[in-house]
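Reader: I would like to go through this structure feature by feature, with the reading rule for each feature given before the case.

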Amino acid sequence: MPEVIKIEGGHTLEGEVTISSAKNATVALIPATVLAHGPVTIVGVPQIADVESLTKILNLLGVQVEERSSDHLIIDPTNIQNIDLVDDAVTKLRASYYFMGALLGRFGRVCMKMPGGCYLGPRPIDLHLKGFEALGAKVTYDKACYTIEAKELKGAKIFLDIASVGATINIMMAAVYAKGRTTIENAAKEPEIIDVATLLNKMGAHIRGAGTNVITIDGVDKLMGCFHEIIPDRIEAGTFLVIAAACAKKMVIKNIIPQHLDALTSKLQEMGVDMDIDVDRITIRHTDKLVATDVTTRPYPGFATDLQQPLTTLMTQAYGESKVVETIYIERFKHCGELQRMGANIEVSTGSASIKGPSSLFGTKVVATDLRCGAAMLVAGLLAEGITEIHDVYHIDRGYAEIDQKLKNLGAVIWRETIE
(Lines give C-alpha, C1' and ligand atoms only; values in the text may rest on other atoms or scores of the structure.)
Protein backbone atom coordinates (compact mmCIF):
# COMPACT_ATOMS: atom_id res chain seq x y z
CA MET A 1 0.00 0.00 0.00
CA PRO A 2 1.36 3.47 -0.86
CA GLU A 3 2.35 5.82 1.94
CA VAL A 4 2.14 9.56 2.35
CA ILE A 5 4.18 11.79 4.63
CA LYS A 6 2.21 14.36 6.61
CA ILE A 7 3.81 17.42 8.20
CA GLU A 8 2.24 19.92 10.56
CA GLY A 9 4.10 23.11 9.72
CA GLY A 10 5.10 26.09 11.83
CA HIS A 11 7.15 24.28 14.49
CA THR A 12 10.60 25.65 15.33
CA LEU A 13 13.36 23.05 15.04
CA GLU A 14 16.33 22.74 17.39
CA GLY A 15 19.10 20.23 18.10
CA GLU A 16 21.74 18.17 16.34
CA VAL A 17 21.52 15.95 13.26
CA THR A 18 24.14 13.47 11.99
CA ILE A 19 24.39 13.20 8.21
CA SER A 20 24.39 9.73 6.61
CA SER A 21 26.92 8.50 4.05
CA ALA A 22 26.72 9.72 0.46
CA LYS A 23 23.94 8.20 -1.64
CA ASN A 24 25.66 9.19 -4.89
CA ALA A 25 28.89 7.47 -3.78
CA THR A 26 27.16 4.38 -2.37
CA VAL A 27 25.27 3.59 -5.59
CA ALA A 28 28.60 3.48 -7.49
CA LEU A 29 30.70 1.81 -4.77
CA ILE A 30 28.37 -1.21 -4.52
CA PRO A 31 28.60 -2.12 -8.26
CA ALA A 32 32.39 -1.43 -8.15
CA THR A 33 32.83 -4.32 -5.69
CA VAL A 34 32.22 -6.88 -8.47
CA LEU A 35 35.66 -5.98 -9.85
CA ALA A 36 37.32 -7.56 -6.78
CA HIS A 37 38.52 -11.16 -6.46
CA GLY A 38 37.66 -11.33 -2.78
CA PRO A 39 35.31 -9.85 -0.14
CA VAL A 40 34.87 -6.06 0.10
CA THR A 41 33.68 -4.54 3.38
CA ILE A 42 31.82 -1.23 3.07
CA VAL A 43 31.02 0.73 6.23
CA GLY A 44 28.55 3.60 6.56
CA VAL A 45 26.02 2.24 4.05
CA PRO A 46 22.94 4.52 4.23
CA GLN A 47 19.50 2.99 4.85
CA ILE A 48 18.01 3.95 1.47
CA ALA A 49 15.85 2.05 -1.03
CA ASP A 50 18.53 2.20 -3.76
CA VAL A 51 20.82 0.00 -1.63
CA GLU A 52 18.13 -2.70 -1.53
CA SER A 53 17.76 -2.59 -5.33
CA LEU A 54 21.54 -2.81 -5.86
CA THR A 55 21.79 -5.71 -3.38
CA LYS A 56 19.09 -7.52 -5.35
CA ILE A 57 21.14 -7.08 -8.56
CA LEU A 58 24.26 -8.43 -6.77
CA ASN A 59 22.24 -11.45 -5.64
CA LEU A 60 21.08 -12.06 -9.24
CA LEU A 61 24.76 -12.18 -10.23
CA GLY A 62 25.50 -14.77 -7.53
CA VAL A 63 27.36 -12.28 -5.34
CA GLN A 64 27.04 -12.92 -1.60
CA VAL A 65 25.95 -9.89 0.46
CA GLU A 66 26.17 -10.12 4.23
CA GLU A 67 24.71 -7.38 6.40
CA ARG A 68 26.84 -7.27 9.56
CA SER A 69 24.93 -4.33 11.07
CA SER A 70 22.55 -1.66 9.77
CA ASP A 71 25.33 0.20 7.93
CA HIS A 72 27.94 -2.51 7.37
CA LEU A 73 27.97 -4.66 4.20
CA ILE A 74 30.38 -7.47 3.31
CA ILE A 75 30.15 -8.11 -0.44
CA ASP A 76 31.83 -11.28 -1.73
CA PRO A 77 31.96 -11.60 -5.56
CA THR A 78 34.08 -14.80 -5.50
CA ASN A 79 31.32 -16.89 -7.13
CA ILE A 80 29.97 -14.17 -9.44
CA GLN A 81 28.20 -15.25 -12.67
CA ASN A 82 27.87 -12.75 -15.49
CA ILE A 83 24.18 -13.30 -16.26
CA ASP A 84 22.10 -10.93 -18.41
CA LEU A 85 20.59 -8.21 -16.22
CA VAL A 86 17.01 -8.05 -17.49
CA ASP A 87 15.25 -8.13 -14.10
CA ASP A 88 12.89 -5.28 -13.08
CA ALA A 89 15.34 -4.38 -10.28
CA VAL A 90 17.63 -2.95 -12.99
CA THR A 91 15.00 -0.53 -14.29
CA LYS A 92 14.11 0.74 -10.82
CA LEU A 93 17.17 2.91 -10.39
CA ARG A 94 19.41 4.83 -12.72
CA ALA A 95 22.61 3.87 -10.86
CA SER A 96 22.25 0.26 -12.05
CA TYR A 97 24.17 1.51 -15.12
CA TYR A 98 27.37 1.30 -13.04
CA PHE A 99 27.15 -2.47 -13.53
CA MET A 100 27.88 -1.76 -17.22
CA GLY A 101 31.40 -0.49 -16.51
CA ALA A 102 32.05 -2.92 -13.66
CA LEU A 103 30.95 -6.09 -15.49
CA LEU A 104 32.57 -4.99 -18.77
CA GLY A 105 35.81 -4.45 -16.86
CA ARG A 106 35.60 -7.79 -15.06
CA PHE A 107 34.30 -10.05 -17.86
CA GLY A 108 34.67 -8.14 -21.12
CA ARG A 109 30.91 -8.47 -21.64
CA VAL A 110 27.69 -7.13 -20.14
CA CYS A 111 24.06 -7.36 -21.22
CA MET A 112 21.47 -5.29 -19.36
CA LYS A 113 18.18 -3.44 -19.63
CA MET A 114 18.05 0.34 -19.92
CA PRO A 115 18.44 1.80 -16.38
CA GLY A 116 15.60 3.76 -14.73
CA GLY A 117 15.52 6.45 -12.00
CA CYS A 118 13.96 9.92 -11.57
CA TYR A 119 12.81 11.59 -14.77
CA LEU A 120 14.66 14.91 -15.00
CA GLY A 121 14.53 15.38 -18.75
CA PRO A 122 16.91 13.73 -21.23
CA ARG A 123 19.72 11.85 -19.44
CA PRO A 124 21.41 9.93 -22.26
CA ILE A 125 24.14 7.41 -21.55
CA ASP A 126 25.86 7.94 -24.92
CA LEU A 127 28.99 9.32 -23.20
CA HIS A 128 29.32 6.07 -21.24
CA LEU A 129 28.90 4.01 -24.41
CA LYS A 130 31.39 6.14 -26.41
CA GLY A 131 33.89 5.62 -23.59
CA PHE A 132 33.40 1.84 -23.69
CA GLU A 133 33.80 1.89 -27.49
CA ALA A 134 37.05 3.87 -27.14
CA LEU A 135 38.34 1.06 -24.91
CA GLY A 136 37.60 -1.42 -27.71
CA ALA A 137 34.09 -2.61 -26.86
CA LYS A 138 31.25 -3.12 -29.34
CA VAL A 139 27.82 -1.81 -28.28
CA THR A 140 24.53 -3.22 -29.62
CA TYR A 141 20.99 -2.29 -28.57
CA ASP A 142 18.11 -4.71 -29.06
CA LYS A 143 14.73 -5.14 -27.33
CA ALA A 144 15.51 -2.43 -24.73
CA CYS A 145 18.78 -4.19 -23.80
CA TYR A 146 22.36 -3.06 -24.26
CA THR A 147 25.02 -5.67 -25.02
CA ILE A 148 28.57 -4.37 -24.62
CA GLU A 149 31.44 -6.74 -25.32
CA ALA A 150 35.16 -6.77 -26.11
CA LYS A 151 37.70 -9.54 -26.77
CA GLU A 152 40.19 -7.30 -24.99
CA LEU A 153 39.88 -3.84 -23.47
CA LYS A 154 42.75 -1.53 -24.35
CA GLY A 155 43.69 1.75 -22.70
CA ALA A 156 42.72 4.87 -24.67
CA LYS A 157 42.56 8.64 -24.47
CA ILE A 158 38.92 9.62 -23.89
CA PHE A 159 37.57 13.18 -23.94
CA LEU A 160 34.12 13.66 -22.39
CA ASP A 161 31.98 16.24 -24.21
CA ILE A 162 30.23 16.91 -20.89
CA ALA A 163 31.88 16.44 -17.48
CA SER A 164 29.47 13.61 -16.57
CA VAL A 165 29.78 11.96 -13.15
CA GLY A 166 28.22 8.70 -14.32
CA ALA A 167 30.37 8.45 -17.45
CA THR A 168 33.56 9.31 -15.53
CA ILE A 169 32.93 6.56 -12.94
CA ASN A 170 31.73 3.97 -15.49
CA ILE A 171 34.74 4.45 -17.79
CA MET A 172 37.08 4.40 -14.76
CA MET A 173 35.63 1.02 -13.67
CA ALA A 174 35.82 -0.47 -17.17
CA ALA A 175 39.43 0.71 -17.56
CA VAL A 176 40.93 -0.80 -14.38
CA TYR A 177 41.58 -4.11 -16.18
CA ALA A 178 42.26 -2.62 -19.65
CA LYS A 179 45.73 -3.19 -21.15
CA GLY A 180 47.87 -0.07 -20.88
CA ARG A 181 46.90 3.46 -19.85
CA THR A 182 43.50 5.14 -20.08
CA THR A 183 43.21 8.92 -19.80
CA ILE A 184 39.82 10.55 -19.15
CA GLU A 185 39.93 14.25 -20.09
CA ASN A 186 37.23 16.74 -19.02
CA ALA A 187 36.45 14.26 -16.24
CA ALA A 188 33.87 15.25 -13.62
CA LYS A 189 35.39 16.34 -10.29
CA GLU A 190 32.67 15.41 -7.76
CA PRO A 191 33.77 14.09 -4.34
CA GLU A 192 31.90 10.84 -5.05
CA ILE A 193 34.32 10.13 -7.94
CA ILE A 194 37.26 10.49 -5.55
CA ASP A 195 35.53 8.05 -3.17
CA VAL A 196 35.09 5.40 -5.91
CA ALA A 197 38.72 5.87 -7.07
CA THR A 198 39.85 5.49 -3.44
CA LEU A 199 37.97 2.17 -3.15
CA LEU A 200 39.42 0.89 -6.45
CA ASN A 201 42.96 1.93 -5.45
CA LYS A 202 42.56 0.11 -2.12
CA MET A 203 41.67 -2.98 -4.18
CA GLY A 204 44.90 -2.56 -6.15
CA ALA A 205 43.95 -0.33 -9.09
CA HIS A 206 46.32 2.41 -10.33
CA ILE A 207 44.15 5.54 -10.64
CA ARG A 208 45.53 9.07 -10.39
CA GLY A 209 43.93 12.50 -10.74
CA ALA A 210 40.44 11.76 -9.35
CA GLY A 211 38.94 15.11 -8.34
CA THR A 212 40.72 16.89 -11.20
CA ASN A 213 39.65 17.14 -14.84
CA VAL A 214 42.22 14.57 -16.03
CA ILE A 215 42.16 11.03 -14.60
CA THR A 216 44.71 8.38 -15.60
CA ILE A 217 44.15 4.67 -15.09
CA ASP A 218 46.95 2.14 -15.61
CA GLY A 219 45.43 -1.30 -16.11
CA VAL A 220 46.21 -4.10 -13.66
CA ASP A 221 45.71 -7.88 -13.79
CA LYS A 222 43.82 -8.44 -10.54
CA LEU A 223 41.96 -6.50 -7.85
CA MET A 224 41.47 -7.87 -4.34
CA GLY A 225 39.01 -7.21 -1.52
CA CYS A 226 39.43 -4.31 0.91
CA PHE A 227 37.78 -2.25 3.68
CA HIS A 228 36.18 1.11 2.86
CA GLU A 229 34.19 3.79 4.69
CA ILE A 230 31.89 5.99 2.59
CA ILE A 231 32.17 9.80 2.64
CA PRO A 232 29.27 11.86 4.13
CA ASP A 233 26.37 12.86 1.88
CA ARG A 234 26.86 16.47 0.80
CA ILE A 235 23.33 16.65 -0.67
CA GLU A 236 21.67 15.44 2.54
CA ALA A 237 23.92 17.86 4.46
CA GLY A 238 22.87 20.68 2.13
CA THR A 239 19.20 19.78 2.53
CA PHE A 240 19.52 20.04 6.33
CA LEU A 241 21.39 23.35 6.02
CA VAL A 242 18.40 24.66 4.05
CA ILE A 243 15.94 23.21 6.61
CA ALA A 244 17.93 24.85 9.43
CA ALA A 245 17.96 28.21 7.62
CA ALA A 246 14.20 27.89 7.02
CA CYS A 247 12.89 26.98 10.45
CA ALA A 248 15.51 26.33 13.16
CA LYS A 249 16.25 28.29 16.31
CA LYS A 250 19.66 26.60 16.39
CA MET A 251 20.76 23.45 14.56
CA VAL A 252 24.11 21.65 14.44
CA ILE A 253 24.64 19.56 11.29
CA LYS A 254 27.34 16.93 12.03
CA ASN A 255 29.43 14.45 9.99
CA ILE A 256 30.02 16.69 6.99
CA ILE A 257 32.96 17.82 4.86
CA PRO A 258 32.38 21.62 4.70
CA GLN A 259 34.47 22.18 1.55
CA HIS A 260 32.01 19.93 -0.35
CA LEU A 261 29.32 22.50 0.50
CA ASP A 262 31.16 25.75 -0.30
CA ALA A 263 28.84 26.70 -3.19
CA LEU A 264 25.75 26.35 -0.95
CA THR A 265 27.14 27.91 2.23
CA SER A 266 28.33 30.99 0.33
CA LYS A 267 24.79 31.43 -1.11
CA LEU A 268 23.19 30.97 2.33
CA GLN A 269 25.56 33.60 3.73
CA GLU A 270 24.55 35.93 0.87
CA MET A 271 20.94 35.39 1.97
CA GLY A 272 21.86 36.47 5.51
CA VAL A 273 21.91 33.06 7.23
CA ASP A 274 23.85 33.10 10.53
CA MET A 275 26.27 30.16 10.52
CA ASP A 276 29.52 28.88 12.04
CA ILE A 277 31.56 26.46 9.91
CA ASP A 278 33.78 24.00 11.80
CA VAL A 279 36.01 21.07 10.75
CA ASP A 280 33.20 18.50 10.45
CA ARG A 281 30.04 20.41 11.38
CA ILE A 282 28.07 23.58 10.67
CA THR A 283 25.91 25.43 13.22
CA ILE A 284 23.00 27.55 11.98
CA ARG A 285 21.03 30.05 14.08
CA HIS A 286 17.68 31.72 13.39
CA THR A 287 17.75 34.75 11.08
CA ASP A 288 14.92 37.30 11.16
CA LYS A 289 15.25 38.44 7.55
CA LEU A 290 16.48 36.49 4.53
CA VAL A 291 17.38 38.36 1.34
CA ALA A 292 16.95 37.15 -2.25
CA THR A 293 19.86 35.67 -4.20
CA ASP A 294 20.55 34.20 -7.65
CA VAL A 295 21.86 30.68 -8.29
CA THR A 296 23.13 28.99 -11.44
CA THR A 297 23.69 25.22 -11.22
CA ARG A 298 27.05 23.96 -12.45
CA PRO A 299 29.08 20.75 -12.24
CA TYR A 300 31.09 20.42 -9.01
CA PRO A 301 32.60 22.56 -7.49
CA GLY A 302 29.75 24.80 -8.73
CA PHE A 303 26.26 24.91 -7.21
CA ALA A 304 24.79 21.37 -7.16
CA THR A 305 21.69 20.78 -9.29
CA ASP A 306 20.46 18.42 -6.51
CA LEU A 307 20.31 21.35 -4.04
CA GLN A 308 18.55 23.75 -6.38
CA GLN A 309 15.11 22.31 -5.53
CA PRO A 310 15.23 22.54 -1.70
CA LEU A 311 16.89 25.98 -1.95
CA THR A 312 14.00 27.20 -4.14
CA THR A 313 11.66 26.57 -1.18
CA LEU A 314 13.88 28.69 1.09
CA MET A 315 13.90 31.45 -1.56
CA THR A 316 10.11 31.77 -1.16
CA GLN A 317 10.84 33.17 2.35
CA ALA A 318 13.48 35.74 1.21
CA TYR A 319 12.80 39.44 0.62
CA GLY A 320 13.09 40.39 -3.06
CA GLU A 321 13.30 38.38 -6.27
CA SER A 322 15.53 35.31 -6.48
CA LYS A 323 16.44 33.56 -9.70
CA VAL A 324 17.45 29.95 -10.34
CA VAL A 325 19.12 29.05 -13.64
CA GLU A 326 19.44 25.30 -14.27
CA THR A 327 22.24 24.27 -16.65
CA ILE A 328 22.43 20.53 -15.81
CA TYR A 329 18.81 19.28 -16.12
CA ILE A 330 16.82 22.11 -17.70
CA GLU A 331 13.48 20.40 -16.97
CA ARG A 332 14.18 20.22 -13.21
CA PHE A 333 11.37 22.55 -12.13
CA LYS A 334 8.46 20.23 -11.31
CA HIS A 335 8.78 21.28 -7.64
CA CYS A 336 7.83 24.83 -8.64
CA GLY A 337 4.31 23.73 -9.63
CA GLU A 338 3.91 22.03 -6.25
CA LEU A 339 5.20 25.14 -4.41
CA GLN A 340 2.75 27.32 -6.37
CA ARG A 341 -0.10 25.17 -5.05
CA MET A 342 1.12 26.00 -1.54
CA GLY A 343 1.06 29.76 -2.24
CA ALA A 344 4.55 30.47 -3.59
CA ASN A 345 5.00 33.27 -6.12
CA ILE A 346 7.12 31.57 -8.79
CA GLU A 347 7.39 32.06 -12.55
CA VAL A 348 9.02 29.26 -14.54
CA SER A 349 10.50 29.63 -18.01
CA THR A 350 12.78 27.30 -19.99
CA GLY A 351 15.71 26.40 -17.76
CA SER A 352 15.01 29.04 -15.11
CA ALA A 353 12.64 30.18 -12.37
CA SER A 354 12.00 33.55 -10.68
CA ILE A 355 10.85 33.47 -7.06
CA LYS A 356 9.34 36.57 -5.40
CA GLY A 357 9.22 36.62 -1.61
CA PRO A 358 8.48 36.41 1.12
CA SER A 359 5.36 34.27 0.55
CA SER A 360 3.19 32.58 3.14
CA LEU A 361 2.93 28.87 2.38
CA PHE A 362 -0.17 26.83 3.19
CA GLY A 363 -0.40 23.08 3.70
CA THR A 364 -2.08 21.05 0.94
CA LYS A 365 -1.67 17.79 -1.01
CA VAL A 366 1.56 17.78 -3.04
CA VAL A 367 3.57 15.20 -5.00
CA ALA A 368 7.26 14.35 -4.70
CA THR A 369 7.74 14.09 -8.47
CA ASP A 370 11.40 13.11 -7.99
CA LEU A 371 13.90 12.67 -5.14
CA ARG A 372 15.00 16.31 -4.69
CA CYS A 373 11.51 17.65 -5.37
CA GLY A 374 10.60 15.51 -2.34
CA ALA A 375 13.27 17.37 -0.34
CA ALA A 376 11.78 20.70 -1.48
CA MET A 377 8.33 19.53 -0.32
CA LEU A 378 9.71 18.53 3.10
CA VAL A 379 11.14 22.04 3.57
CA ALA A 380 7.85 23.55 2.37
CA GLY A 381 5.81 21.36 4.71
CA LEU A 382 7.92 22.42 7.71
CA LEU A 383 7.35 26.09 6.80
CA ALA A 384 3.68 25.94 5.79
CA GLU A 385 0.65 26.81 7.87
CA GLY A 386 -1.48 23.70 8.48
CA ILE A 387 -0.85 20.16 7.27
CA THR A 388 1.05 19.22 4.11
CA GLU A 389 0.46 15.76 2.63
CA ILE A 390 3.30 14.51 0.40
CA HIS A 391 2.52 11.74 -2.10
CA ASP A 392 4.94 9.39 -3.97
CA VAL A 393 7.29 9.40 -0.97
CA TYR A 394 9.17 6.38 -2.37
CA HIS A 395 11.23 8.99 -4.25
CA ILE A 396 12.30 10.53 -0.92
CA ASP A 397 13.15 7.10 0.53
CA ARG A 398 15.46 6.43 -2.43
CA GLY A 399 17.90 9.08 -1.25
CA TYR A 400 17.28 10.18 2.35
CA ALA A 401 17.99 7.73 5.16
CA GLU A 402 15.53 7.84 8.09
CA ILE A 403 14.54 11.42 7.21
CA ASP A 404 11.29 11.36 9.26
CA GLN A 405 13.10 10.27 12.43
CA LYS A 406 15.86 12.83 12.00
CA LEU A 407 13.28 15.61 11.63
CA LYS A 408 11.23 14.31 14.60
CA ASN A 409 14.37 14.39 16.76
CA LEU A 410 14.72 18.08 15.86
CA GLY A 411 11.14 18.87 16.89
CA ALA A 412 9.22 18.48 13.63
CA VAL A 413 5.67 17.10 13.70
CA ILE A 414 5.87 14.54 10.90
CA TRP A 415 4.29 11.12 10.39
CA ARG A 416 3.35 8.55 7.72
CA GLU A 417 -0.04 7.22 6.76
CA THR A 418 -0.98 4.40 4.41
CA ILE A 419 -3.49 5.35 1.75
CA GLU A 420 -5.86 3.27 -0.36
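Reader: How are α1 and α4 oriented to each other, roughly parallel or roughly perpendicular?

Author: The general rule comes from angle classes: under 35 degrees counts as roughly parallel, over 145 as roughly antiparallel, 65 to 115 as roughly perpendicular and the rest as oblique. Axes are lines fitted to C-alpha atoms, for helices over the stretch in contact, and angles run from 0 to 180 degrees between N-to-C directions. Helices are DSSP runs of H or I with at least four residues, strands are runs of E with at least two, and both are numbered from the N terminus. Here α1 and helix α4 (residues 98-107) pack at about 25 degrees with axes 9 Å apart, and they are therefore roughly parallel to each other. The model is predicted: local features need pLDDT of at least 70, side-chain atom pairs count only at pLDDT 80 or more, and totals for chains, interfaces and linings use all residues. Residues are numbered from 1 along each chain as its sequence is written, and side-chain values use heavy atoms, with hydrogens and water left out.

Reader: Which hand does the crossing of α1 and α4 have, and which residues meet?

Author: A crossing is left-handed if the near helix is turned anticlockwise from the far one by less than a right angle, and right-handed if clockwise. α1 passes α4 in a right-handed crossing. Contact means heavy atoms within 4.5 Å, and in that sense V27, A28 and P31 of α1 meet Y98, F99 and A102 of α4. By class, this contact has 6 nonpolar, no polar and no charged residues. In that scheme Ala, Val, Leu, Ile, Met, Phe, Trp, Tyr, Cys and Pro are nonpolar, Asp, Glu, Lys and Arg are charged, and the others, Gly among them, are polar.

Reader: How many residues of α1 are buried?

Author: Buried means under 20% relative accessible area, exposed means over 50%, and partly exposed lies in between, with a 1.4 Å probe and protein chains only. Helix α1 (residues 23-32) is mostly covered, with 9 of its 10 residues buried. These are K23, A25, T26, V27, A28, L29, I30, P31 and A32.

Reader: What does L54 contact beyond its sequence neighbours?

Author: L54 is in helix α2 (residues 49-60) and is buried, at a relative accessible area of 0%. Outside four places in sequence, its contacts are T26, V27, I30, P31, L93 and F99. V27 is 27 residues away along the chain, yet the C-alpha atoms of L54 and V27 are separated by 7.4 Å.

Reader: At what angle do α8 and α12 cross?

Author: The axes of helix α8 (residues 234-247) and helix α12 (residues 371-383) come within 10 Å and cross at roughly 20 degrees. The two helices are therefore roughly parallel to each other, and their crossing is right-handed. On the α8 side the contact involves I235, T239, V242, I243, A246 and C247, and on the α12 side R372, A375, V379, L382 and L383. By class, that contact has 9 nonpolar, 1 polar and 1 charged residues.

Reader: Where do the cis peptide bonds lie?

Author: Omega is the value to read. Another joins G357 and P358, with omega about 0 degrees, and P358 is in the loop between β20 (352-357) and β21 (365-367).

Reader: What is phi in K143 and in N186?

Author: K143, a residue other than glycine, has a positive phi near 50 degrees. K143 lies in the loop between β7 (138-142) and β8 (145-149) and is exposed, with a relative accessible area of 74%. N186 is not a glycine either, and its phi is positive at about 55 degrees. The loop between β10 and α7 (191-203) holds N186, which counts as partly exposed at 25% relative accessibility.
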